[in-house]
Amino acid sequence: MAEGNHTLVTEFILMGLTDHPTLKAALFPLFLVIYLITMVGNLGLIALIWKDSHLHTPMYLFLSSLAFADSCTTSSVTPKMLLNFLSTNHEITLVECFAQFYFMGSSATTECFLLSVMAYDRYLAICNPLLYPVLMSNRLCTHFIAVTYLLGVLHLAIHVGLLLRLTFCRSNIIQYYYCEILQLFNISCIDPTINVFVLLILATSIQVFTFVTVLVSYIRVLFAILRKKSDKGRSKAFSTCSAHLLSVSLFYGTLFLIYVCPGSGPVGDKEKMLSLFYTVIIPLLNPFVYSLRNKEVISAFRRVMKNT
């Protein structure tokens, strides 16, 4: 289909992480193993929490929701990337491209809000332990989870809706391993200023709000822990929060590296590596970060294995 002297693009070509055949052959088994471990880790954690009644508490309901969001994030990107390692045909249709961006972005947005809600949950549990069962019931927890997913869905619906106003004719080549929105702006025939403005406002608002919520919650938690007279109580509180703090540090640390620290190599390569950390590495690490040092999860795993 043509508009003026330009041919409108209906298919894109994802250039991927590299164009070297030897490197592709080496990366395929690596990312396949990472993807399989990620899915087994996250889905296994969800199944464990669902099966063991001792883990039917708000903390672990939030954790299972985070594991599901991580599974969705990596599944929206990794399978297509694996196929492109093996194939010379890297085409992706316009609909598939928008769908990939939608599912990846909505899952990432949901994770932002889940991390902030989990921080608030830890604040209530440690600073108001007697009122915690009332303040954070399983019903309220379910409502929080539903809202986080709804916000992720609505946030990306706005961006995809605005993408529909754009047409693409400058090129059909996306210098990325998935349909990244800024790359789409670069090849748009129509001025994407409105899209960029909305993206900047919404993304900044979400990241600032969720980060401030996490920061304030853990400052309050820290003071509450330091006021505890019992060493055992302090140790238990620290161990409860350490996994979530590590997950938050990985998540927002990547944001810091993207927007604050300059890279030594080409900007495109830096962005790809940091984006890879978001979409592949963090979903791989989270289930193990929350499980390996968590006595309740380990005990639940032993009970399930014993009963099978």
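This is a predicted model: local features need pLDDT of at least 70, side-chain atom pairs count only at pLDDT 80 or more; totals for chains, interfaces and linings use all residues.
Me: What makes C169, by contrast, a buried residue?

Reply: C169 has a relative accessible area of 15%, and buried means under 20%, so C169 is placed in the buried class.

Me: How do you know that C169 and C189 are joined by a disulfide?

Reply: Their sulfur atoms lie 1.7 Å apart, and the cut-off for a disulfide is 2.5 Å, so the pair C169 and C189 qualifies. The bond links distant parts of the chain, with C169 in the loop between helix 6 (138-163) and strand 5, and C189 in the loop between helix 7 and helix 8 (193-227), 20 residues apart.

Me: How many disulfides does a search of the whole structure find, and what pattern do they follow?

Reply: The search finds two, and with bonded cysteines counted along the chain the pattern is 1-3, 2-4.

Me: What makes C97 and C179 a disulfide pair?

Reply: The sulfur atoms of C97 and C179 are 2.1 Å apart, which is within the 2.5 Å that defines a disulfide, so they count as bonded. The angle about the S-S bond is -130°, and the link is left-handed. This pair, too, connects distant parts of the chain, since C97 belongs to helix 4 (residues 94-127) while C179 sits in the loop between strand 5 (173-174) and helix 7 (181-186), 82 residues apart. Both C97 and C179 are buried.

Me: Why is C141 called buried, and why is C127 called partly exposed?

Reply: C141 has a relative accessibility of 0%, and the limit for buried is under 20%, so C141 is buried. C127 has 25%, which falls in the range between 20% and 50%, and C127 is therefore partly exposed.

Me: Why is Q183 counted as buried?

Reply: Q183, which is found in helix 7, has a relative accessibility of 14%, and with buried set at under 20% the residue therefore belongs to that class. Leaving aside residues up to four places away in sequence, Q183 touches I174, Q175 and Y176.

Me: What makes the buried residues of helix 11 line one face?

Reply: V297, A300 and V304 are buried in helix 11. Seen down the helix axis, the buried residues fall within an arc of 60°, so they line one face. On the other side of helix 11, K295, R302 and K306 are exposed.

Me: Why does one side of strand 4 and of strand 5 lack a neighbour in the sheet?

Reply: The sheet is open, with three strands in the order 4-3-5 and mixed pairing. Strand 4 (91-93) and strand 5 stand at the edges and each has a single partner strand, so one side of each is left without a neighbour in the sheet. Strand 3 (residues 11-14) and strand 5 run parallel and are joined by two bridges, and I13 has I173 of strand 5 as its bridge partner. Helix 4 packs on this sheet, touching strand 3, strand 4 and strand 5, and its direction makes about 85° with that of strand 4.

Conventions
Residues are numbered from 1 along each chain as its sequence is written. Side-chain values use heavy atoms; hydrogens and water are left out. Helices (H or I, at least four residues) and strands (E, at least two) are DSSP runs, numbered from the N terminus. Buried means under 20% relative accessible area, exposed over 50%, partly exposed in between (1.4 Å probe, protein chains only). The arc is that of the directions from the helix axis to the C-beta atoms. Two strands pair if DSSP finds at least two bridges between them. Contact means heavy atoms within 4.5 Å. Axes are lines fitted to C-alpha atoms, for helices over the stretch in contact, and angles run from 0 to 180 degrees between N-to-C directions.
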